[in-house]
Amino acid sequence: MSKTRSELREKCMVILYQNEIINKGEIKTPIENIIKDNLEVENEFVNEIVMGVLEKYDELNEIANKYMNDWTIDRIDKTGASILRIGIYELKYTDTPEIVVINEAIELAKKYSDDNVRKIINAVLDKMIKE
């Protein structure tokens with residue numbers, strides 16, 4: 001059974017979160033292994049989002065920090081940061097409608113982050129589309 005885009009975004013968030021945790025140490029686990037551990041079947045959407053976020057990691061952080069008031073992306077929890085990076089990446093590099101990107105990010109944040117992080121994610125993405 002195929003997964004919805006919402007479920008796939010959740011998988012992307014989990015993969016990016018795991019990558020942050022696993023690869024802090026000396027041993028580097030290839031991202032392809034982390035993706036395989038999280039998906040039953042290879043998925044082009046997941047590969048595009050995960051690889052895109054990792055490729056544009058520093059740029060996405062700069063964009064997030066630009067729109068945060070008195071905060072930086074490294075101060076929010078790793079789950080929230082992964083959700084925010086996915087949202088920024090999708091707004092900047094995909095054709096996904098803006099409202100869909102924001103709604104999906106907010107739904108993930110409601111499920112995995114606290115209310116303050118959800119508000120930060122919403123504010124950053126909202127400011128980004130208004131500029």
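Which helix holds both R118 and D115, and how many residues apart are they? Both lie in helix 7, residues 115-130, 3 residues apart, about one turn of the helix. Helices here are DSSP runs of H or I with at least four residues, numbered from the N terminus.

Some ground rules. This is a predicted model, where local features need pLDDT of at least 70, side-chain atom pairs count only at pLDDT 80 or more, and totals for chains, interfaces and linings use all residues. Residues are numbered from 1 along each chain as its sequence is written, and side-chain values use heavy atoms, with hydrogens and water left out.

Back to that pair. R118 and D115 form a salt bridge, with the closest N and O atoms 2.8 Å apart. The term means a side-chain nitrogen of Lys or Arg within 4 Å of a carboxyl oxygen of Asp or Glu. D115 is partly exposed, at 41% relative accessibility; buried means under 20% relative accessible area, exposed over 50%, and partly exposed in between, with a 1.4 Å probe and protein chains only.

The structure holds 11 salt bridges. Another joins R9 and E90, at 2.7 Å from N to O. R9 lies in helix 1 and E90 in helix 5, residues 78-93, so this pair ties together parts 81 residues apart in sequence. R9 is buried at 4% relative accessible area, and E90 is buried at 2%. R9, E90 and E104 are linked in a network of salt bridges.

R85 also forms a salt bridge with E20, the closest N and O atoms being 3.9 Å apart. That pair links helix 5 to helix 1, 65 residues apart. Both R85 and E20 are buried.

Technical notes
Helix = DSSP H or I, 4+ residues; strand = E, 2+ residues; numbered from the N terminus.
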